[in-house]
Amino acid sequence: KKSVKITLIVTATLIVLLSTPFILLNINRVQNFVVDKITGFLEEKLQTTVSIGHVDMRFFNEVTLENVYVEDLEGDTLLATDELHGHISLFALFHQEIYITTLELNTPQFNLKVKKDGSTNLDFITQLIPKSNKEPMLFRVDNIEIIDGGFKLHTEQPLNPKNKAAFKGNNIAITKLNTVIRLNKFLKTDIIGKIKSLSFEEQSGFVVSNIATEFQITDSTCVVPSLAISLPNSELTFDTISLKYNHLSDLSKNINALKVKTKLLPSNIYCPDLQAFLPELGNLRRKTIVSCELSGHLDNIKANSLNLHYGSDIVFDGDFEFSGLPKLSETFVYARLNEIRFTTTSLQDLIANITQKPFVLPAEFRNFGRCKYSGNIAGFFSNMVLFGQLTTGVGNVSTDISLELSNNMQDFHLNGHVRSQR
C-alpha cells in the first residue's frame, strides 16, 4: 500500500509539473509575458521591429505564433503571417539559438526588394547565416511548409518599354504559394536541400502546378540533379542542371553573369502555358514535344540538338545560338538546320497563328506539298537570311531568301532567290 501511495504521489506530481506551463499559458498576463520575451529576443537578434499577437504552446517543443509581423530595416513589411507553427529544440534555446525542426506558415506574405546595387531588404537577415559549421548557428530550420502564401519582388532595374510580355521581371507578384522544403544543410556558402512540392500563380497569368527537385547551392555554383516542372497542360523534365557564377550576390546586379548547362529531356509543352513570357505563344495550340541541350550565359546561349515536333506535320532538328537575349529585337540568331519537315498547309497555318492574320504562300510554293529543308539561318528576328536546300513534292529548290518580320511580328515578307531542280 505504501509503494502504491508513493507511485500515485509521484505520478500526480509529474502531471502537475507537466501541465503547469500549459495552464499558465492560458492566463493573459503569462501570455503577454511570453510574447514580450519572444518578441524581444527576435528584435535583439534581427535589430528590427517584430510583433506577435498571440502565443500558444503545446507540450514542450510545439509553439504556435499568431499574427506575426517582421519589418525590414527601412520600416516596410518583410513578412506578415496569420499563423506560424513550429517544432523547436529547447536545448538550442538554452544556448540562445533558434532551432526549428519543422516550420509551418499559414497565409504568409513576403516582400523582397532589390536595389540597383544588388543589395536587398533581406541582407540583414542573411548576414546572420554562418559561413561554416564552426560558427554559432543563431537560426536554423530543417523543414519548411508554406500554405497559401504570397510573394512580391520589386527591383529598381527598369524594363525595356517595348516589352509586351505580361510577365514583368522587375515586379513579380505571386499568390497561392504552396511548398514543402527540406533543408539538409544551411550555411551562407553551402545550402543542400530538396523541394518536395511547389506550386503558385503569378499576376501575369503564369501558373506552376508543381515543381520537384533537389539542390546544392554554394557561393559560386548551383547543382540540380534533376528537375520536373508541371504547368497546367505541360510537363518539362530536365537532366542535371549546372549553374555557375562569380558570386551569388552578383546575380541580383547582372543576371547575364549566370552560366547554365543542362539538358531538356523530351517534354510535352502546351505553348499557351508560356504566353506570359512571349505573347505569340498563346496562339500556338497544337501538341508540342521539345528536347535540347542548353549551355552558355543567358544573353548568349546555345541550344544544341534542338528537336521539336509541332502538331503532326512540323518537325525541327538543328543547333541554335542566340546572342543578345532577352531583348528579341536585338537578338542575333545563327542556326544549323539538320532537318525541317513540314507541309505547305501546316506552314501557312503556323504563320497565320503567329501573326493572327490570314496568310497564303505565294503560288510558286503552294504546290510543294510535303517539304524537307536543311541549311543555315543567320540574322536578327526582324531580318533573317535562309540559305539551304529544300526538297519538295515537285522537285528540289535551292534558297537564298531574306525573311522580314515587322510591325511587332505581325507582317511577314520574303525576298531573295529560289532555284529549282527536277
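1. Helix 5 has a set of buried residues: Thr344, Ser346, Gln348, Leu350, Ile351, Ala352 and Thr355. Buried here means under 20% relative accessible area, exposed means over 50%, and partly exposed lies in between (1.4 Å probe, protein chains only). Helix 5 covers residues 344–355, which is 12 residues. From first C-alpha to last, helix 5 reaches 17 Å, close to the 16 Å expected at 1.5 Å a residue. The expected span is 1.5 Å times one less than the number of residues. Gln356 follows helix 5 and has a positive phi, near 60°.

2. A word on the basis. This is a predicted model, where local features need pLDDT of at least 70, side-chain atom pairs count only at pLDDT 80 or more, and totals for chains, interfaces and linings use all residues. Residues are numbered from 1 along each chain as its sequence is written, and side-chain values use heavy atoms, with hydrogens and water left out. Helices (H or I, at least four residues) and strands (E, at least two) are DSSP runs, numbered from the N terminus.

3. Next, the strands around strand 9. Strand 8 (residues 171–187) pairs with strand 9 (residues 190–202) in the antiparallel sense, over 11 bridges. Pairing requires that DSSP finds at least two bridges between two strands. Val180 has Ser197 of strand 9 as its bridge partner. Two residues separate strand 8 and strand 9 in their hairpin.

4. Strand 9 also pairs with strand 10 (residues 207–208), antiparallel, over two bridges. Glu201 stands opposite Val207 of strand 10. The hairpin of strand 9 and strand 10 has four residues between the strands, and Gly205 takes a positive phi there, near 105°.

5. Strand 9 and strand 11 run antiparallel, joined by six bridges. Asp190 is bridged to Thr218 in strand 11.

6. Where does Thr213 lie? Thr213 belongs to strand 11 (residues 210–218). Thr213 counts as buried because its relative accessibility is 10%. Its side chain reaches the backbone oxygen of Ser226 at 2.5 Å. Leaving aside residues up to four places away in sequence, Thr213 touches Lys194, Ile195, Val224, Ser226 and Leu227. Contact means heavy atoms within 4.5 Å.

7. Last, the cysteines. How many disulfides does the structure hold? The structure holds zero. A disulfide is counted when a pair of cysteine sulfur atoms lies within 2.5 Å. Cys222 counts as buried because its relative accessibility is 11%. Cys292 also counts as buried, at 8%.

Terms used: A polar contact is a pair of N or O atoms within 3.5 Å; within protein, one must be able to donate a hydrogen and the other to accept it, and residues adjacent in sequence count only if both atoms are side-chain atoms.
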